[in-house]
Amino acid sequence: MTESQADAARSAAEYFFAAEGCWISEWWNTPDDPAASIARARVEPGAGTRWHRLAGTSERYVILAGRRRVEVGTAPPRDVAAGDVVLIPAATAQRIRNTGDDDLVFLAICTPRFRADAYTSVDEPAR
C-alpha cells in the first residue's frame, strides 16, 4: 500500500463538515487512482446541501438510508429512496435535501476523482 493509499484508508472513518452543507467521510480519494473517488455523505434531518457543481467531474449518489429530495440541473425535483442511484453530469448544478427524521446517508462516487478545485457554489438554476 502506498503512503497516499494509507492516508485515504485512515481518513475513511473521519467525517468533516463540507462547505456544501453536509458531513463527508472520504473512503477513497487518492492521486494513485485518479479515475474515481468514493465518499460517504451524511445530511442531518431538515438540512440540505447548497446548490453546487463539479467542473469536469461526474457524480453518482448511491442512497443508503433516509428520506430525501434531489435536484439536478433544471429537471424537476424528485424523491429518492435507499438503493436508488442519481447521476449528476459534470458541471451540472445539484443539491440534495433530507426530508426525513433520521440522517440521510449516501455514497458520492466521482469520476474522475473529486478535487476541491472542481467545486463551485452556484445559484439555483432557472426552471
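This note walks through a predicted model, point by point.

1. **Ground rules.** Residues are numbered from 1 along each chain as its sequence is written, and side-chain values use heavy atoms, with hydrogens and water left out. Because the model is predicted, local features need pLDDT of at least 70 and side-chain atom pairs count only at pLDDT 80 or more, while totals for chains, interfaces and linings use all residues.

2. **Confidence.** pLDDT is the predictor's confidence in each residue, from 0 to 100. The chain averages 90. At least 70 is reached by 89% of the residues. Which element has the lowest mean pLDDT? Helix H1 (residues 3-11) does, at 50. Strand S8 (residues 85-88) has the highest, at 98. Helices (H or I, at least four residues) and strands (E, at least two) are DSSP runs, numbered from the N terminus. Where pLDDT is low, the predicted coordinates should not be read in detail.

3. **The sheet.** Six strands form an open sheet. Their order is S1-S2-S3-S10-S5-S8, and the pairing is antiparallel. Two strands pair if DSSP finds at least two bridges between them. Strand S1 (16-17) and S8 stand at the edges. Each has a single partner strand, so one side of each is left without a neighbour in the sheet. S1 and strand S2 (residues 23-28) are joined antiparallel by two bridges. Within that pairing, Phe-16 has Ile-24 of S2 as its bridge partner.

4. **Strand S10 and its neighbours.** S10 runs antiparallel to S3, with seven bridges between them. Arg-40 stands opposite Leu-107 of S10. S10 also pairs with S5, again antiparallel and over seven bridges. There, Tyr-61 has Ala-108 as its bridge partner in S10. How many of the eight residues of S10 are buried? Six are, so S10 is largely enclosed by the rest of the structure. Buried means under 20% relative accessible area, exposed over 50%, and partly exposed in between (1.4 Å probe, protein chains only).

5. **The nonpolar core.** A nonpolar core is a set of buried Ala, Val, Leu, Ile, Met, Phe, Trp, Tyr and Cys residues joined through side-chain atoms within 4.5 Å. The largest one here has 17 residues. Tyr-61, Ile-63, Val-70, Val-86, Ile-96 and Phe-106 touch the most other members. S3, strand S5 (58-65), S6, S8 and S10 each give two or more residues to this core. In soluble globular proteins, nonpolar side chains tend to be buried together.

6. **Val-70 in contact.** Contact means heavy atoms within 4.5 Å. Leaving out residues up to four places away in sequence, Val-70 touches Tyr-61, Pro-77, Arg-78, Val-80, Val-86, Arg-95 and Ile-96. Two of the names on that list, Arg-78 and Arg-95, are arginines.

7. **Salt bridges.** A salt bridge is a side-chain nitrogen of Lys or Arg within 4 Å of a carboxyl oxygen of Asp or Glu. The count is four. One of them joins Asp-103 and Arg-42, with the closest N and O atoms 3.4 Å apart. Asp-103 lies in the loop between strand S9 (94-98) and strand S10 (104-111), and Arg-42 in strand S3 (residues 37-43), so the pair ties together parts that are 61 residues apart in sequence. Asp-103 is partly exposed, at 29% relative accessible area.

8. **Two further pairs.** Arg-69 and Asp-79 form a salt bridge at 3.0 Å between the closest N and O atoms. Arg-69 sits in strand S6 (residues 68-72) and Asp-79 in strand S7 (residues 78-80), 10 residues apart. Arg-69 is partly exposed at 35% relative accessibility, whereas Asp-79 is exposed at 51%. Asp-117 and Arg-115 also meet in a salt bridge, at 2.6 Å from N to O. Asp-117 is exposed, at 58%, and Arg-115 is partly exposed, at 44%.

9. **Cysteines.** Cys-22 is buried at 1% relative accessibility, and Cys-110 is buried at 3%.

10. **Thr-120.** Thr-120 lies in strand S11 (residues 119-121). It is partly exposed, at 35% relative accessibility. Thr-120 and Glu-20 are 100 residues apart in sequence, yet 9.2 Å apart in space, C-alpha to C-alpha. Not counting residues up to four places away in sequence, Thr-120 touches Trp-51, His-52 and Arg-53.
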